[in-house]
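Please view the sequence and the structure before reading on.

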Amino acid sequence: MPNLVKIVIKDYGWIHEGLGLFGNICFFVGSVLFLPVFEPYKTAGVWLFIIGSFFMLIGALGRLLVGIWQKE
């Protein structure tokens, strides 16, 4: 199983970039929802912050693992 994970992380590194990008988009939209004009959607903005930060974390961890395994 660890070899499968290593192969997926090394060969599909673009997935980490996509996850990070999705997280950044969620974070941006969540920020916009905190503007006073979107007051009724503030809770959605909070959830987008949480979701966005999670995907940014996953993307960063994936890039870290790719970097570590490329040095081997």
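## Basis of the description

Rings of Phe, Tyr and Trp (its six-membered ring) are paired if their centres lie within 6.5 Å; planes under 30 degrees apart are called stacked, those over 60 edge-to-face, and the rest tilted. The model is predicted, with local features requiring pLDDT of at least 70 and side-chain atom pairs counting only at pLDDT 80 or more, while totals for chains, interfaces and linings use all residues. Residues are numbered from 1 along each chain as its sequence is written, and side-chain values use heavy atoms, leaving out hydrogens and water.

## Aromatic pairs between helices α2 and α3

Under the ring criterion, four aromatic pairs are counted. One of them joins Phe22 and Phe55 in an edge-to-face arrangement, at 4.9 Å centre to centre and 85° between the planes. Because Phe22 belongs to helix α2 (residues 14–32) and Phe55 to helix α3 (residues 42–71), this pair ties together parts that are 33 residues apart in sequence. Helices here are DSSP runs (H or I, at least four residues), as strands are (E, at least two), numbered from the N terminus. Phe22 is partly exposed, with a relative accessible area of 40%, and Phe55 is also partly exposed, at 23%; buried means under 20% relative accessible area, exposed over 50%, and partly exposed in between (1.4 Å probe, protein chains only).

Phe27 and Phe49 form a stacked pair, at 4.6 Å centre to centre with 10° between the planes. This pair links distant parts of the chain, with Phe27 in α2 and Phe49 in α3, 22 residues apart. Phe27 is partly exposed at 31% relative accessibility, and Phe49 is partly exposed at 26%.

## Aromatic cluster and nonpolar patch

Phe22, Phe54 and Phe55 make up one aromatic cluster. Phe22 also contributes to a nonpolar surface patch of about 550 Å², together with Phe34, Val46, Trp47, Ile50 and Ile51. Accessible areas come from the Shrake-Rupley method with a 1.4 Å probe, and for residues only the protein chains shown count as cover.

Helix α3 supplies the largest share of the nonpolar patch, four residues. Phe34 lies in the loop between α2 and α3 and is partly exposed, at 36% relative accessibility.

How values were computed: Patch = residues over 30% accessible without salt bridge, like charges linked within 9 Å, V, L, I, M, F, W, Y side chains within 5 Å. Salt bridge = Lys/Arg side-chain N within 4 Å of Asp/Glu carboxyl O.
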